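Please keep the sequence and the structure in view while reading.

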Amino acid sequence: MTLRAWDPRVARGATWVWLLELQIGDQWLRFSDAPRDEAPSSVPGAGFVRYDGGLDFSGEVQDAIDPFGDSPEDKRVEVTLDAPPGKSWPALVELGLPLAVGRGVLSLWAEGEADLMIFVDGVVLEAEYAGVGEPAIFSLAEELADDAGLFPPALHRVSDTTWGSAADKALGEPYPYIVGAPGGGVVFTSPAPFVDTVADHLLVAAHAVEATNVVVLNESNGNTATVAVQTKLDGLGVRVSYVDITAAGIGIDVDAAYFVSWGGPNGGGMLKPDGVSLLTGFGDVLRWILSFSRKRIDRGRLAAALPTLNAYRMDTVISADPDARFAPWDWIADHVLPLVPISMRAGPDGAYPAVFRWDAVAADAVAHFHATVAGVDEWSDTVTATRASGVSWSPRDSVANELVLSYAHDPIEGGFLRRRILTGDPLRTLADDDATTNLYCHNSRNSYRDVEGQPLTVALEEDSEILWDPATVAAVLGWWARRYALQARLVKYDVAADVAANVEAGDPVLVTDAEMQWRGKLFLVEVVTWTDTGILSLDLRAVEEPPRDFWQ
């Protein structure tokens, strides 16, 4: 059985052992620091197995979350490995076991326990071996962004097979996927390829939709009409949504470009698995698009993050260039991660979104660490942590206190139709109807000064093609203010595994440290560094709350 986190009671007094299982083709090779007749395997159903010696790994593995990251977090370790007894790497490779094609699982085992914790489940990279008696050296990497899955599916495109009477202009066009109601019933946001020149049918979605009607635009003449949405199977049996424009009165032109407006009284696009509700929540969309990924996904942890992510609404058209499909992870990194407080992470059971709790309070903390200096701690009888660094600040060049987010993308005209601004400058709110004063931005602007000693405004301007909902835009800007407005304090503590074995990156924790004048100060864990010494190193980021900290 694999674990997500160790029970501190198990960790107390444990001897920690690294285990490596290497799969090359159908063969499994297993290694530890010394031969072990019985140790648990990460392979389901394998139970206890034998491990050879030869693993030289005294390094460290980091469980990290990047609150500023807009790409998935990867794991990578360097491994030195002796060949099994009586064998050599040259002989094994010539017998058909090329290291370079291997996969590997690096786990940490508390000796004597039936469980282990997987830290890296990835592929062998940069493998190198030499002569008899010499070790192999390679990297074991779990790279979330390296996704072999592609979207949309290869056959979800207009071709002579899927549509025997398609217009030449439409051939090769991928099917559009409609999330939410992009356009709000006003703007034309999704293309409608002319897929049947005999029956005058336009394809509007690669799936069934909520909308019973849509408004269609013939871009060549500017005519529009409300047309009923119908479904049918394409030539390969894919159920799609289409409209018949025979009697729509907008003109039938196989060389024209047609577009669709979603939302308003007509309804939106893709339905949730229940077949009734509209798919709009970031979490539900994330779960859906990850179904096209070839990576391992921790479905349980993904489900646990849904309530937080579904507070954000998505309205967009997901498609691809005819010759450029994309990996789901690339789309997530480009469009989702910059907008929501999550980091995509690799866990023992696969990848999942870890929510970064910018709104955490003391009651949310999973642990309370008490530190000491020179054996004296006037605020605690029990010392459980040692400060391993000074206190620093996050980079000053990451600070921004006027946050501008443009949204409501118009693909025909180009650009964005709306924007929202959070600022610390009260005069900006008087001059711009899109601007609102924000406490964090106000505190930041008054804290930083320009060369003339005046409050300093630092702007951050971003845009998003997946947002139409004003409430979601406000929510994004709200947590951005906490993310960007002030530099956060950073510190590192060393903690025994029997105290912190259950702590993971992203967790809120409390720290009491008399020397630093902290009594139950709230931090978020950015990095947990594991070794086989029984001591964990925790990189912490303070949860800065100017109103609370000022009054204290």
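The model is predicted. Its average pLDDT is 88, and 92% of the residues score at least 70.

**Confidence**

- Confidence is highest in strand β14 (residues 201–205), which reaches 97.
- Confidence is lowest in helix α10 (residues 546–551), where the mean is 53.
- Where pLDDT is low, the predicted coordinates should not be read in detail.

**Helix α4**

- Helix α4 spans residues 299–309, and its buried residues are R301, L302, A305, L306 and L309. These residues cover an arc of only 165° around the axis, so they lie on the same side of α4.
- The exposed residues A304 and P307 are carried by the face of α4 that is turned away from the buried side.
- The buried residues of α4 are covered by elements that include the helix α3 (282–290) and the strands β20 (342–347) and β21 (350–355).
- The N-terminal end of α4 is capped by D298, which has a side-chain oxygen 3.2 Å from the backbone nitrogen of G300.

**Helix α7**

- In helix α7 (residues 439–447), the buried residues are Y440, C441, S444 and R445. Viewed down the axis of α7, they fall within an arc of 130°, and therefore they line one face of the helix.
- N438 has a side-chain oxygen that comes to within 2.9 Å of the backbone nitrogen of Y440, at the start of α7. Y440 is itself one of the buried residues of this helix.

**Backbone details**

- Most residues other than glycine have a negative phi, and most peptide bonds are trans.
- The peptide bond that joins F151 and P152 is cis, with omega at about -5°. P152 belongs to the loop between β10 (136–142) and β11 (177–179).
- D200 is a residue other than glycine with a positive phi, near 60°. D200 is found in the loop between β13 (194–196) and β14. Its relative accessibility is 11%, so D200 counts as buried, the cut-off for which is under 20%.
- Q517 is also a residue other than glycine with a positive phi, in this case near 65°. Q517 is placed in the loop between β30 (508–513) and β31 (518–530). Its relative accessibility is 59%, so Q517 counts as exposed, the cut-off for which is over 50%.

Technical notes:
Residues numbered from 1 in each chain as written. Predicted model: local features only at pLDDT ≥ 70, side-chain atom pairs only at ≥ 80, totals over all residues. Heavy atoms only, no water. Buried < 20%, exposed > 50% of the residue type's maximum accessible area, 1.4 Å probe, protein only. Helix = DSSP H or I, 4+ residues; strand = E, 2+ residues; numbered from the N terminus. Arc of directions from axis to C-beta. Polar contact = N/O pair within 3.5 Å; in protein donor to acceptor, adjacent residues only side chain to side chain. Contact = heavy atoms within 4.5 Å. pLDDT = per-residue confidence, 0-100.
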